[in-house]
Amino acid sequence: MGLILRLLVVAGLAVDAYIHFHLAGDLGSGGGLTEGTLFWIQGALAALVAVLVLIRATRLTYGIAFVVAASALGAVLLYRYVDIGPLGPMPNMYEPVWYAEKVITTVAEAVAAVAAALGLWQASPRVRTSG
């Protein structure tokens, strides 16, 4: 079970990284914090964490993977359904449509988040009771 969870986390984060890198070039460039810049950052984080989990699946790496995947999933769902406008230096990322890359990355982020949460639970020290 541990190897399957590890591979699900790595695969989900790898798909997330690939799609974010792929879309980053189309999302604008220029000065300041742009959607493209945020997508590059997300892609880099997802790729880095995927490698960390692949190398060593521990409570720490599963916890980091959960935070990266769940935050990306939360962001895509928030910006799909709510137009919150720009937040400080962050651009308005509201996009009320579903398209292939968005659906794929949403599923990949959900799979990675659930698998990381299960991996975190599985890697937790168990309290043994005598009796």
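What percentage of the 131 residues of the protein chain count as buried? In this predicted model, the share that counts as buried is 34%.

**Figure 1. Overall view of the protein chain, built from 4 helices and 0 strands.** Read from the N terminus, the order of elements is α-α-α-α. The C-alpha trace extends over about 60 × 25 × 25 Å along its principal axes. Helix 1 covers residues 2–24, helix 3 covers 59–81 and helix 4 covers 100–123. Helix 2 covers residues 35–55.

**Figure 2. Close-up of the nonpolar surface patch, with an area of about 970 Å².** Twelve side chains are to be shown here: Ile-4, Leu-8, Leu-77, Leu-78, Tyr-81, Val-82, Ile-84, Leu-87, Trp-98, Val-103, Val-107 and Val-111. At least two residues of the nonpolar patch come from each of helix 1, helix 3 and helix 4. One of the patch residues is Tyr-81, which belongs to helix 3. Tyr-81 has a relative accessibility of 53% and therefore counts as exposed, since the cut-off for exposed is over 50%. Ile-84 is also listed in the patch, but its place is in the loop between helix 3 and helix 4. With a relative accessible area of 32%, Ile-84 is partly exposed.

**Figure 3. Close-up of the crossing of helix 3 and helix 4.** The two axes, of helix 3 and of helix 4, come within 8 Å. Their crossing angle is roughly 150 degrees. Angles over 145 degrees count as roughly antiparallel, so helix 3 and helix 4 are described as roughly antiparallel to each other. The crossing in which helix 3 passes helix 4 is left-handed.

**Figure 4. Close-up of the packing of helix 1 and helix 3.** The axes of helix 1 and helix 3 are 11 Å apart, and the packing angle is about 40 degrees. Helix 1 is therefore oblique to helix 3. The handedness of the crossing of helix 1 and helix 3 is left-handed. Both helices also supply residues to the nonpolar patch, at least two each.

**Figure 5. Close-up of the salt bridge between Glu-95 and Lys-102.** The closest N and O atoms of Glu-95 and Lys-102 are 3.5 Å apart. The cut-off for a salt bridge is 4 Å, and by this rule the count comes to 1 salt bridge. Side chains of opposite charge can pair when their charged atoms come close. The limit for buried is under 20% relative accessible area.

Figure 6. Thr-58 is located in the loop between helix 2 and helix 3. Its relative accessibility is 21%, so Thr-58 counts as partly exposed. Thr-58 and Ser-124 are separated by 66 residues in sequence, and their C-alpha atoms are 9.0 Å apart in space.

Figure 7. Gly-36 is part of helix 2. At 2% relative accessibility, Gly-36 is classed as buried. From Gly-36 to Trp-98 the separation is 62 residues in sequence and 18 Å in space, C-alpha to C-alpha. Trp-98 is among the residues that make the nonpolar patch.

Figure 8. Ile-84 and Thr-34 lie 50 residues apart in sequence, with a C-alpha to C-alpha distance of 16 Å. Ile-84 sits in the loop that runs between helix 3 and helix 4.

Note on methods:
Residues are numbered from 1 along each chain as its sequence is written. This is a predicted model: local features need pLDDT of at least 70, side-chain atom pairs count only at pLDDT 80 or more; totals for chains, interfaces and linings use all residues. Side-chain values use heavy atoms; hydrogens and water are left out. Patches are made of residues with over 30% relative accessible area and no salt bridge: like charges are joined within 9 Å, nonpolar side chains (Val, Leu, Ile, Met, Phe, Trp, Tyr) within 5 Å. Accessible areas come from the Shrake-Rupley method with a 1.4 Å probe; for residues, only the protein chains shown count as cover. Buried means under 20% relative accessible area, exposed over 50%, partly exposed in between (1.4 Å probe, protein chains only). Axes are lines fitted to C-alpha atoms, for helices over the stretch in contact, and angles run from 0 to 180 degrees between N-to-C directions. Angles under 35 degrees count as roughly parallel, over 145 as roughly antiparallel, 65 to 115 as roughly perpendicular and the rest as oblique. A crossing is left-handed if the near helix is turned anticlockwise from the far one by less than a right angle, and right-handed if clockwise.
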